[in-house]
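Here are some notes for a first look at this structure. Please keep the model open while you read.

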Amino acid sequence: MSRYTIYISCIAVACMVIVIVSLSNMGSNSPAVIEATAPVSTTIPSTESSAGTTPRSISADAWKAPDESTIPAGKAGDAIRYGRELIAHTAQYFGPKGSVAMITNGMNCQNCHLAGGTKLFGNDYAGFISSYPKMSGRSGKVEPASERIAECFERSLAGKVPDTAGKEVQSILAYMKWIGKSVKKGQKLFGSATEKIAFMDHAADPAKGKEVFVMKCQSCHGSNGEGLLNADKKTYANPPLWGKHSYNDGAGMYRLTNLAGFVKNNMPFGATYQSPQLTDEEAWNVSAFINTQPRPHKDQHRDWTDLKKKPLDFPFGPYADGFSEKQHKLGPFKPIKDAQKELTSKKS
């Protein structure tokens, strides 16, 4: 009986231990403990990041486009309105099935100059006219405003130049003069052109940019960046981001600092400077993905012949510094900027 009692007692103790351990494990399975003990991922998808998407305020003296009611009557007003129409629906007049000439890729000027060039940090036209004529670092000569429009036809619209003295180009100039009528030469404007977002300390990553594109961009621009045509099959509701109907590699958008700043404040649809939807890093990466896709090529061997004036993100050599074409295209850009400052100081 004594041995039997001892045996029963041992079994009882063992059962108690099992119960205690079980209760302890139940406590350790609470969400807080699971979160603390789960393996930590070494990579976080860029699209889950929230830093850099908080609302921002704009300056009280930010530029505002003039009200349409200020467009004058008569021929002057007609020219302004026609110029605005050409900016908004360029492809109808100059696209592959254009009514005036068939000389461009099918994009509209306002695909890159949003809301007819009136949106803050949307590549607006605020200070355009007041800055011309001016010395062009790219061509190395003083250019009138009409020459800059011609360059857009050749580069952003990947086409041919219409007659710069003709009705269409002169109407575009009339519209731009009206847009920037209150801007003085040399005036600093909040929201002009595209925002220059902070450099990253590493190169932009096209592979991570593809993740952003798939989640945030392809629903509007197509899985192959081909854009979305309107029902008339002549114009785009959403422009192509690469391919034969997109901007060529001589366009301003092919420079990463320009595209990243544009994307940050305007994409995906509905984003603004006040309410961005992408972080800076997402903007850099998706821009890198877009600009590493195939597109038309433009011979640029005569551009930026003064190498010290060549933009740090111009992706075609030669260069005055020792950095590669790849780094000039994707970054990191700060070392290049520092080197260019040093070269400039030596020159002076």
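**Notes on a predicted model**

1. Start with helix H11 (280-290). The buried residues of H11 pack against H8, H10 and helix H12 (325-330).

2. How much of H11 is buried? Nine of its eleven residues are, so the helix is mostly covered. The buried residues are Glu282, Ala283, Trp284, Asn285, Val286, Ser287, Ala288, Phe289 and Ile290.

3. Two of those names return in the largest nonpolar core. This core has 60 residues. Tyr125, Ile149, Trp284 and Ile290 touch the most other members. Several helices each supply at least two residues, among them H3 (74-88), H6 (145-154), H8 (206-216), H10 (256-266) and H11. Helix H7 (167-179) is also on that list. H7 gives the most to the core, with eight residues.

4. Look next at Tyr125. Leaving aside residues up to four places away in sequence, Tyr125 touches Ile87, Cys109, His113, Gly116, Gly117, Tyr175, Met176 and Ile179. Tyr125 has a relative accessible area of 4%. That is under 20%, so Tyr125 counts as buried.

5. Tyr125 also has an aromatic partner, Phe128. Their ring centres are 6.4 Å apart, with 65 degrees between the planes. The pair is edge-to-face because that angle is over 60 degrees. Phe128 is buried too, at 16% relative accessibility.

6. Compare Phe314 and Phe316. Their ring centres lie 6.0 Å apart and their planes are at 75 degrees, so this pair is edge-to-face as well. Phe316 is partly exposed, at 23%.

7. A search of the whole structure finds 16 aromatic pairs. Phe121, Phe190 and Tyr273 form one aromatic cluster.

8. Now turn to open space. The second largest pocket holds about 710 Å³. Of its 36 lining residues, Asn111, Leu114, His221, Pro239 and Met267 are the closest to its centre. Helix H5 (114-117), helix H9 (218-221), strand S4 (236-238), H10 and H11 each give two or more residues to the lining. H10 gives the most, with four residues.

9. What is the make-up of that lining by class? There are 22 nonpolar, eleven polar and three charged residues.

Conventions:
Residues numbered from 1 in each chain as written. Predicted model: local features only at pLDDT ≥ 70, side-chain atom pairs only at ≥ 80, totals over all residues. Heavy atoms only, no water. Core = buried A, V, L, I, M, F, W, Y, C linked by side-chain atoms within 4.5 Å. Buried < 20%, exposed > 50% of the residue type's maximum accessible area, 1.4 Å probe, protein only. Contact = heavy atoms within 4.5 Å. 1 Å grid on protein atoms, 1.4 Å probe; cavity = no way out; pocket = protein on both sides within 12 Å on 5 of 7 lines; lining within 4 Å. Points joined across faces, edges and corners; volume = space filled by probe spheres on them. Nonpolar A, V, L, I, M, F, W, Y, C, P; charged D, E, K, R; others polar. Phe/Tyr/Trp six-rings, centres within 6.5 Å; stacked < 30°, edge-to-face > 60°.
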